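Biologist: I am new to this structure. Please take me through it, one question at a time.

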Amino acid sequence: MGRARGILIWTALAVVIAVPFMAAAASPLLQWRQPVYIAAGFAGVFAMVLLLFQPLLAGGYLPGLPILRGRKVHRWTGALLTLAVTLHVAGLWITSPPDVIDVLLLRSPTPFSLWGVIAMWAVFAAALLAALRRRLPLRPRTWRRAHTALAGTIVAGSVVHAMLIEGTMEFLSKAALCTLVVAAAGKAVTDLRAWAGGPRRGT
C-alpha cells in the first residue's frame with residue numbers, strides 16, 4: 001500500500017510539472033518571439049514548479065525522501081530555484097533592457113512587475129541566508145524564522161506575479177499550480193513549527 005501511494009504521489013507530481021510546461025509550449029504568445037524570450041519564460045515556469053517542491057522537501061512529504069534527506073535536496077533545489085530566477089530575469093533583460101530597468105527601479109506601471117521584483121529579491125536573500133547559515137551569529141530559531149519569512153514572501157510574491165501576468169502560462173494550469181504552492185507552503189510552515197519555540201519535527 002505504501003509503495004502504491006508513493007507511485008501515485010510521484011505520478012501526480014509529474015502531471016503537475018508536465019501540464020504547465022505543455023500548456024506554455026502551446027501558447028500562441030510564443031509566436032514570433034525570440035528564443036531568449038521563450039527560454040526566459042520557461043525559466044519562470046520552472047521556478048514556479050521548484051517553488052512547489054521546496055516545502056514538500058523541507059517537510060519530508062515526498063515518498064523516498066524522509067525529512068532529513070529531503071532537506072538536503074531542498075538546499076540543492078533552492079540553488080536551482082535561484083538559478084532559474086536569474087535566468088528568467090537575464091533573458092528578459094536581453095530582450096528588453098529598458099523594461100527590466102524600470103522594473104528593478106520600481107518604475108514599471110504593471111502591478112505584476114512589482115510582485116515579481118519582491119519575490120526575486122526574497123529568493124536572493126533566502127539563498128544568501130542559507131549559504132551563510134554557519135557564519136551568521138544567529139540562533140537556530142532566529143534563522144528559521146528569517147528563512148520562513150523570506151519563503152513566505154517568495155511564495156506570496158511569485159503567486160501574485162504569476163496570476164496577474166498574462167504570459168505564456170495557461171490560466172487554469174497556472175491557477176492550480178499556484179494553489180498547490182500556497183497549500184504546500186502553508187502545511188510545511190504549520191507542521192515544522194517555524195515560529196514556535198520548541199524543536200521542529202524531524203530534528
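Biologist: Is arginine 107 buried or exposed?

Modeller: First, the basis: this is a predicted model, where local features need pLDDT of at least 70, side-chain atom pairs count only at pLDDT 80 or more, and totals for chains, interfaces and linings use all residues. Residues are numbered from 1 along each chain as its sequence is written, and side-chain values use heavy atoms, with hydrogens and water left out. Buried means under 20% relative accessible area, exposed over 50%, and partly exposed in between, with a 1.4 Å probe and protein chains only. Arginine 107 has 51% relative accessibility, so the label is exposed.

Biologist: Which residue forms a salt bridge with arginine 107?

Modeller: Side chains of opposite charge can pair when their charged atoms come close. A salt bridge here is a side-chain nitrogen of Lys or Arg within 4 Å of a carboxyl oxygen of Asp or Glu. For arginine 107, the closest N and O atoms are 2.8 Å apart, and the partner is aspartate 102.

Biologist: How many salt bridges does a search of the whole structure find?

Modeller: Another one joins the side chains of aspartate 191 and lysine 187, at 2.9 Å from N to O. Both lie in helix H7, 4 residues apart, about one turn of the helix. Helices are DSSP runs of H or I with at least four residues, strands are runs of E with at least two, and numbering starts at the N terminus. The search of the whole structure gives 2.

Biologist: What does leucine 177 touch?

Modeller: Contact means heavy atoms within 4.5 Å. Residues up to four places away in sequence are not counted. That leaves Val16, Pro20, Met48, Val49, Leu52 and Met169.

Biologist: Which elements do the buried residues of H5 pack against?

Modeller: H5 has 21 residues and reaches 31 Å from its first C-alpha to its last. Its buried residues include Ser113, Gly116, Val117 and Leu129. They pack against H3, H4 and H6.

Biologist: How many aromatic pairs does a search of the whole structure find?

Modeller: Rings of Phe, Tyr and Trp (its six-membered ring) pair if their centres lie within 6.5 Å; planes under 30 degrees apart count as stacked, over 60 as edge-to-face and the rest as tilted. The search finds 2.

Biologist: How are phenylalanine 21 and phenylalanine 42 arranged, stacked or edge-to-face?

Modeller: Phenylalanine 21 lies in helix H1 and phenylalanine 42 in helix H2, so the pair ties together parts that are 21 residues apart in sequence. Their centres are 6.1 Å apart, with 5° between the planes, and the pair is stacked.

Biologist: What about tryptophan 121 and phenylalanine 124, stacked or edge-to-face?

Modeller: Both lie in helix H5, 3 residues apart. The ring centres are 5.8 Å apart and the planes stand at 80°, so the pair is edge-to-face.

Biologist: Which ring does the charged end of arginine 133 sit over?

Modeller: A charge sits over a ring if NZ of Lys or CZ of Arg is within 6 Å of the ring centre and within 35 degrees of the ring normal. Arginine 133 is 3.9 Å from the centre, and the ring belongs to tryptophan 143.

Definitions and conventions: The expected span of a helix is 1.5 Å times one less than its number of residues.
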